[in-house]
Amino acid sequence: MYKDALAKMLDDSAKTALDRRSFLMLGAAGAGSLLLRPGSAQAAAKTKSAARIVIAGAGAAGLAAASYLAARLDGAKITLIDARKEHFYQPGFTLVAAGIKQSSYVVSTTREYIPGGVELIEERVAEFDPEGNKVVTESGTAVPYDFLVVATGLKLDYDAIPGMDTEQIGNNGLGSIYHSPAKAEATWRAMSDFADKGGVGVFLRPGTEMKCAGAPLKYTFITDDHLRRRGNRGKAEIIYNANNKALFSVPIVHEKVRMLFEDRGVKVNYERVLESIDLGKKLAVFKTPIGPVELQYDFINVIPPMRAPDSVRNSPLRWQEGGWANDGWIEVDKHSLRHKRFDNVFAVGDVAGVPKGKTAASVKWQVPVAVDHLIASIEGKESKAHYGGYTSCPLITRLGQAMLIEFDYKDNLTPSFPGVIAPLEELWISWVMKTMALKPTYISMLRGRA
Amino acid sequence: MKELDPLVFLAVFQEMLGPLLWLMILVIVVGTAAFIALLLKERTINSRRLVRAELAGLVGGVLALVLMAKVSSSGFTDAGGPADWFLIALVFGLGLAGTAILVYTVMGWRSRPAA
């Protein structure tokens, strides 16, 4: 159609003038191609099935899984289980705590992303029974399944830090961006106050696996920049406490961040994990190889240990041995996201016991792989889908600049735009992507369109 | 963003702009069509009109950069490398070309009945 219209147009214009009809045809062809949607390609290949699929958790991973499954299955009974009515766009929490966005930027409702034909049970899963192929909700209702996708996310274990009180976030120099949109905003107020006055800023990350391991670094950089913009950097000392001997798990990124911290005058301590805190005295106690070390602070960004939710941790789904058993992460194959002992169980998102990336970018690449394996099981086939550990971290290094770091299980950098957007360079374009393109991409992912 | 699929781009832009996306596409398609139709009808480029359109285009380019700075909570002063200069040139260039073509076309079609 294009070709004919174009040929006719060239032909016509060579003779006299373009006639109106071929012109309109060309326009229509262009507009038509734009109207095609991914859904229309998938609709043709729907698998007929009466399988009962339960998805525990309706966060980023659960909703994306529901969308992908609903698009590829015809007749299956898909049930999402999650008590929370609000949906949080978690990658935006750092921007809220940076004073760039309001908390409303990260809050929407779970309901608006539920695909047609998918049922939502607004309760928490209290018990997983993979031997009995069922989950039990808080109210005691048993929901049997043929396939289970666990996407419960993780638990922020503030209780594991003696002296910590989440009610106090925003007061007395206490910040914690992970807690909730409201507390991210409260953290911004506390940090802004610190940027006005100066003093000692203490930053850290927990000794457990954590979601978005770049966020503690970002917030250190952002605080440094706010101090500089207000002319108060000279009045402040910034101390970053790494939990182990590295600032970032990918060695090449660690080196880059080490250099940037040196450049910005951020003091780094290695092998320090927050052990307890005294909010009244503004005193943080760290566990170190040489015993407890105290740090007086004027502002602190507390990031709590992160673990699988109790219902998962107390279930047979968790790793049975090794470093992840204690925190309860689910024992899945890292390339297929299928459970190693229960064939009909998959885990995606933060709760999956895989080596890297508890991020929305991981979810984006994990979900299609897990869904492909699940559907192959329904069809009695083998799936070749493979997740290589891809994840990404737009590491903000000052307001207006970020490094677009993408990597995989092997610690390789995997840039999306090689030769154009350098991963270890502080760029405006990476910031623009973080602030403008990331949320629309995320929402498209929830709807199964990206 | 491991693979670049045009349909993913469309989905993302739709999420970003909402109904505004379709309006923008409409303006681009209709504007381009009207521009080409004008060229073919006149069979010449009116240089007086072109200069005026280009001047308006400069303003359009600057406005595009201001808009970009506003929605990204940052500005072109944050540029840190070649990719950034490319983005700035692209945003300015698109604003300039778009405005110039639209202004040239509108002026052309408006002046025709009188001429």
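This is a predicted model: local features need pLDDT of at least 70, side-chain atom pairs count only at pLDDT 80 or more; totals for chains, interfaces and linings use all residues.

Trainee: How many residues of domain 2 of chain A are in contact with domain 3 of chain A, and how many of domain 3 take part?

Mentor: To answer you directly, 21 residues of domain 2 of chain A touch 21 residues of domain 3 of chain A. To find these parts, look at the domain assignment of chain A, which gives domain 2 as 42-154 + 309-379 and domain 3 as 159-306. Their C-alpha centres are 31 Å apart.

Now let us look at the contact itself. Between domain 2 of chain A and domain 3 of chain A, about 1700 Å² of area is buried, and carbon and sulfur atoms give 63% of that area.

Next come the polar features. One salt bridge is counted between domain 2 of chain A and domain 3 of chain A. A salt bridge joins A:D350 and A:K211, with 3.2 Å between the closest N and O atoms. The count of residue pairs in polar contact between domain 2 of chain A and domain 3 of chain A, both at pLDDT 80 or more, is seven. On the side of domain 2 of chain A that touches domain 3 of chain A, helix α5 (residues 93-97) of chain A gives the most, with four residues. Sorted by class, that side of domain 2 of chain A has 11 nonpolar, six polar and four charged residues.

A disulfide is a covalent bond between the sulfur atoms of two cysteines. The search of the whole structure finds zero disulfides over all chains. Take A:C212, which is in no disulfide: its nearest cysteine sulfur, that of A:C393, is 5.0 Å away.

Finally, a brief look beyond this region, to where chain A meets chain B. There, 40 residues from chain A and 35 residues from chain B make the contact. The area buried between chain A and chain B is about 3300 Å², with 68% given by carbon and sulfur atoms. On the chain A side, A:W428, A:M436 and A:R449 supply 21% of the area buried against chain B, more than any other three residues. One salt bridge is found across the interface of chain A and chain B, and the side chains of A:R447 and B:E15 meet in a salt bridge at 3.2 Å, N to O.

Methods: Residues are numbered from 1 along each chain as its sequence is written. Chains are lettered from A and ligands numbered from 1 in the order in which they are written. Side-chain values use heavy atoms; hydrogens and water are left out. Domain bounds come from an automatic or database domain assignment. Contact means heavy atoms within 4.5 Å. Buried area is the accessible area (1.4 Å probe) that two parts lose on being put together, summed over both. A salt bridge is a side-chain nitrogen of Lys or Arg within 4 Å of a carboxyl oxygen of Asp or Glu. A polar contact is a pair of N or O atoms within 3.5 Å; within protein, one must be able to donate a hydrogen and the other to accept it, and residues adjacent in sequence count only if both atoms are side-chain atoms. Helices (H or I, at least four residues) and strands (E, at least two) are DSSP runs, numbered from the N terminus. Ala, Val, Leu, Ile, Met, Phe, Trp, Tyr, Cys and Pro count as nonpolar, Asp, Glu, Lys and Arg as charged, and the others, Gly among them, as polar. A disulfide is a pair of cysteine sulfur atoms within 2.5 Å.
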